[in-house]
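Trainee: Please pick one part of this model and take me through it closely. I would like to know what it touches and how the pieces are set against each other.

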Amino acid sequence: MILEVLMIAGVLVLPLPALAVGAGGLLRRTGRSSIHARADRIEFGLLVTGRLLSLLLLLTLSGIALLSCIGGLVKGLAVPSLVYVFFVADLLIATLVVLTFGRRDRRRARRRATPARR
């Protein structure tokens, strides 16, 4: 029972906010660009497709883990062991989303001000 509550809290703390942040960064372009416009469009399409698939997988695993844990708590049944695997995979994919396309752009470095006059 305690493990199911911890799993529900774990899904609510990391994967669901990662899903929201990742959806915001879905169409963000990186600073790189190709010489050819067609190659750049194809690369961007593949990038968005991979991001979309990872977000769909994250949503699916989060839903399965939440539904199983809440159902197990309500009915008083044991959670199947595969749900634990889904929970760990959910945490790993959420970490991947946050560290890759879910984070915000880096701030530009400020120029150092020298005390000497120019």
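Mentor: Start with a rule: contact means heavy atoms within 4.5 Å. The model is predicted, so local features need pLDDT of at least 70, side-chain atom pairs count only at pLDDT 80 or more, and totals for chains, interfaces and linings use all residues. Residues are numbered from 1 along each chain as its sequence is written, and side-chain values use heavy atoms, with hydrogens and water left out.

Take helix H1, residues 2-13 (helices are DSSP runs of H or I, at least four residues, numbered from the N terminus).

Begin with helix H2, residues 15-24. The axes of H1 and H2 come within 3 Å and cross at roughly 15° (axes are lines fitted to C-alpha atoms over the stretch in contact, with angles from 0 to 180 degrees between N-to-C directions). H1 and H2 are therefore roughly parallel (under 35 degrees; over 145 is roughly antiparallel). Gly10, Val11, Leu12 and Val13 of H1 touch Pro15, Leu16 and Pro17 of H2. Six of these residues are nonpolar, one is polar and none is charged (Ala, Val, Leu, Ile, Met, Phe, Trp, Tyr, Cys and Pro are nonpolar; Asp, Glu, Lys and Arg are charged; the others, with Gly, are polar).

Now helix H3, residues 37-75. H1 and H3 pack at about 150°, and their axes lie 9 Å apart. That angle makes H1 roughly antiparallel to H3. Their crossing is left-handed (the near helix is turned anticlockwise from the far one by less than a right angle). From H1 come Glu4, Val5, Met7, Ile8, Val11 and Leu12. They meet Ser62, Ala65, Leu66, Cys69, Ile70 and Leu73 of H3. The tally is ten nonpolar, one polar and one charged.

H1 passes H4 in a left-handed crossing. On the H1 side the contact uses Leu3, Glu4, Met7, Gly10 and Val11. On the H4 side it uses Val83, Tyr84, Phe87, Asp90 and Leu91. Seven of these are nonpolar, one is polar and two are charged.

Val11 touches H2, H3 and H4.

Finally, confidence. The chain averages a pLDDT of 87 (the predictor's confidence in each residue, from 0 to 100). Of the residues, 83% score at least 70. H4 has the highest mean, at 95, and H2 the lowest, at 91.

Methods. Helix = DSSP H or I, 4+ residues; strand = E, 2+ residues; numbered from the N terminus. Expected span 1.5 Å × (residues − 1). Parallel < 35°, antiparallel > 145°, perpendicular 65-115°, else oblique.
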